[in-house]
Amino acid sequence: MEFDRTTAAPAGDASTRERVVRSILENGPSTAVELAALLHLTPAAVRRHLDLLVADGMVVGREQKVYGHRGRGRPAKVFVLTDGGRHRFDQGYDTLAADALRYLRETGGEEAVLAFARRRASFIERDYAVITAREPDLSPAEALAKVFSAEGYAASVRQLPVVSAADQLCQQHCPVSHVAGEFPQLCEAETEAISQVLGTHVQRLATIALGDGVCTTCIPKKKEG
C-alpha cells in the first residue's frame with residue numbers, strides 16, 4: 001500500500017502511517033491513545049500521523065460514544081477509515097464485479113443475483129462447522145469472527161458495556177462493500193447464512209456498504225447449561 005501525498009514523506013513516516021491505517025482496519029474505530037498503545041508509539045506521534053491521514057482523506061475523526069456516566073471534559077475522538085482508506089486494501093476489481101452482477105441481473109433477474117449471493121456466502125456455514133468442531137469453547141461470535149477474518153473481513157467481537165444475551169460481531173473491512181451498495185443481496189445473504197448456522201435470528205445493525213464505519217451484527221450468546 002502506498003500513500004500518494006503531493007509532498008513525499010520520509011519512508012519511515014509513510015511506513016508508520018500504513019501501520020496506523022492497518023491497525024484501524026483490524027481493530028476498528030480507535031482513539032489516538034489506543035493506537036499509541038498498540039503500535040508502541042507516543043500519543044503525540046500518533047496524532048501527528050492521524051492529522052496527515054485525515055488531510056489525505058484516509059481516516060476521519062468522530063466523537064466517541066460514551067455509555068453510562070460521562071466524566072469531565074470532552075469525550076475522546078475515535079478515528080475510522082473512510083471509503084478511500086478502506087479501498088486501499090481492496091483488490092481493485094469492483095468495476096468488474098459490479099458489471100458481472102449487472103449482467104446477471106439483466107439476464108436472470110433479482111433472483112439470480114440472490115442465488116449468487118447465497119452461493120458466495122456458503123463459506124460461512126462451511127467454515128463455521130470446521131472452527132466450532134476444532135475450538136468448541138469459542139462463543140458463536142468468536143467463531144464467526146474467525147470465519148470472516150479468514151475471508152478478509154478483519155472481524156472481531158465487541159463486548160457490550162452492559163449485561164446482555166448477545167455480542168456484537170464487527171467487520172472492520174468488507175471486500176465487497178463497493179459492490180454491496182448497489183447489490184444489497186450480498187449483505188442479506190451473509191446475514192441469512194449467519195442465522196442458519198446459529199439456528200436463530202440475528203440482526204445486522206450497521207453496514208459499511210450503507211456508509212457506516214463498520215459492519216455490526218448482533219450475535220446471541222450460547223445459553224448456559
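**Salt bridges and a helix pair**

Arginine 105 is partly exposed, with a relative accessible area of 27% (buried means under 20%, exposed over 50% and partly exposed in between, with a 1.4 Å probe and protein chains only). The model is predicted, so local features need pLDDT of at least 70 and side-chain atom pairs count only at pLDDT 80 or more, while totals for chains, interfaces and linings use all residues. Residues are numbered from 1 along each chain as its sequence is written, and side-chain values use heavy atoms, leaving out hydrogens and water.

**Salt bridges**

- The whole structure holds twelve salt bridges, each being a side-chain nitrogen of Lys or Arg within 4 Å of a carboxyl oxygen of Asp or Glu.
- One of them joins arginine 105 to glutamate 182, with the closest N and O atoms 3.3 Å apart, and because arginine 105 lies in helix 5 and glutamate 182 in the loop between helix 9 and helix 10, the pair ties together parts that are 77 residues apart in sequence.
- Glutamate 182 is partly exposed, at 31% relative accessibility, and a network of salt bridges links Asp99, Arg102, Arg105 and Glu182.
- Lysine 221 pairs with aspartate 167 at 3.9 Å between the closest N and O atoms; lysine 221 is partly exposed at 36%, whereas aspartate 167 is buried at 5%.

**Helix 7 and helix 8**

- Helix 7 (residues 122-134) packs against helix 8 (residues 140-150) at an angle of about 120°, with axes 9 Å apart (helices are DSSP runs of H or I with at least four residues, numbered from the N terminus).

Methods. Axes are lines fitted to C-alpha atoms, for helices over the stretch in contact, and angles run from 0 to 180 degrees between N-to-C directions. Helices (H or I, at least four residues) and strands (E, at least two) are DSSP runs, numbered from the N terminus.
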